Amino acid sequence: MNDEQLISTDQGTGRVAPAQRSGFYYNWGPQAWIDMWMSNSMLVKKAMPIVSHTFVPILRLSGDKEQVDKDYDAIKAKREKVKRFEAPREKWRKRYGNFVREAEWALLELRKYYSQKQYEEIVIGTSVALSHETSADFLNMMNSMSDKNKNKKTRKSKDGVAQKPGRWSTFMFETFNPAHWLTGPATITEFDPSNGLTVMEIPDCAWHRCGRAEDLPNPNALPEEGCLNICKGPFEALFNGEGGGLKMEFDPHLPETSCTVRMSWATD
């Protein structure tokens, strides 16, 4: 049975129990500290205001203002409090989950009032504009991937196929991955810098697993509105390969929680 058949025969929500990870290193190791810091600087300080300062005001103008405020207060009341002495990994999870919960609520509400085109202009357009305004350094870092890899040679096996990254490269990526705060654990499955290609597999995206299912606006479904319109849509718009730069293509395997990310760039 192929992947499409597996997805089409899934009669449930698509939500699967996340892989159980525990232990001191997972909760307190270098990647946990990086994710804790990134979740505070990128989510709490830069991304979270898109809900309160953009989506909620639009909803107030679109429907019953008092009801919108009441519903927004109810969803905010479900925030998981970040405690001072918690492990860095748990602080990351709570911050990420809080953002997903409130963003998902706002997007589902916006769908009630706007066409698909209008909806994408509001959600994806605002996300792209906000990224340019608040996260220029992060965008530059991501775009530098193409420049850093342009002159690298592809290691090939005897049959001419590009080899997967070695143990050391894999260890470094899985220990100091700057995108881990967004995706959770990921693996580079194809690295072909000579032809300007990297493929990353995300087995269990953090967008789907950080928020407690029972607290989401629709607890019987994955938070896919944000997956498609806060993550996939804006990233593909921000990194579209223009001028030979980095191009990113996201393939979420909904209703599963995995995703394939394809990154490519011009080599000439």
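Me: Which residues of helix 4 are buried?

Reply: Buried means under 20% relative accessible area, exposed over 50%, and partly exposed in between, using a 1.4 Å probe and protein chains only. In helix 4, the buried residues are Ile50, Val51, Phe55, Val56 and Leu59. Helices (H or I, at least four residues) and strands (E, at least two) are DSSP runs numbered from the N terminus. This is a predicted model: local features need pLDDT of at least 70, side-chain atom pairs count only at pLDDT 80 or more, and totals for chains, interfaces and linings use all residues. Residues are numbered from 1 along each chain as its sequence is written, and side-chain values use heavy atoms, with hydrogens and water left out.

Me: What do the buried residues of helix 4 pack against?

Reply: Contact means heavy atoms within 4.5 Å. The buried residues of helix 4 pack against helix 3 (30–47), helix 5 (65–76), helix 6, helix 7 (116–134) and helix 12 (224–238). Leaving aside residues up to four places away in sequence, Val51 touches Val56, Pro57, Tyr72, Phe99, Glu102, Ala103 and Ala106.

Me: Where does helix 4 have a kink?

Reply: The bend at a residue is the angle between axes fitted to the seven residues ending there and the seven starting there. In helix 4, a kink of about 30° lies at Phe55, shortly before the proline Pro57.

Me: Which residues of helix 5 are buried, and why are they on the same side?

Reply: Val68, Asp69, Tyr72 and Ile75 are buried in helix 5. They are on the same side of helix 5 because they cover an arc of only 130° around the axis; the arc is that of the directions from the helix axis to the C-beta atoms. Glu66 and Lys70, on the other side of helix 5, are exposed. The buried residues of helix 5 pack against helix 4 and helix 6.

Me: Which residues touch the most other members of the largest nonpolar core?

Reply: In soluble globular proteins, nonpolar side chains tend to be buried together. A nonpolar core is a set of buried Ala, Val, Leu, Ile, Met, Phe, Trp, Tyr and Cys residues joined through side-chain atoms within 4.5 Å. The largest one here has 56 residues, of which Val51, Phe55, Tyr96, Phe99 and Met248 touch the most other members. Helix 6 (residues 88–110) gives this core its largest share, nine residues.

Me: How many bridges join strand 1 to strand 2?

Reply: Two strands pair if DSSP finds at least two bridges between them. Strand 1 (residues 187–192) and strand 2 (residues 197–202) run antiparallel and are joined by five bridges. They form a hairpin with four residues between them, and Gly196 in the turn has a positive phi of about 65°.
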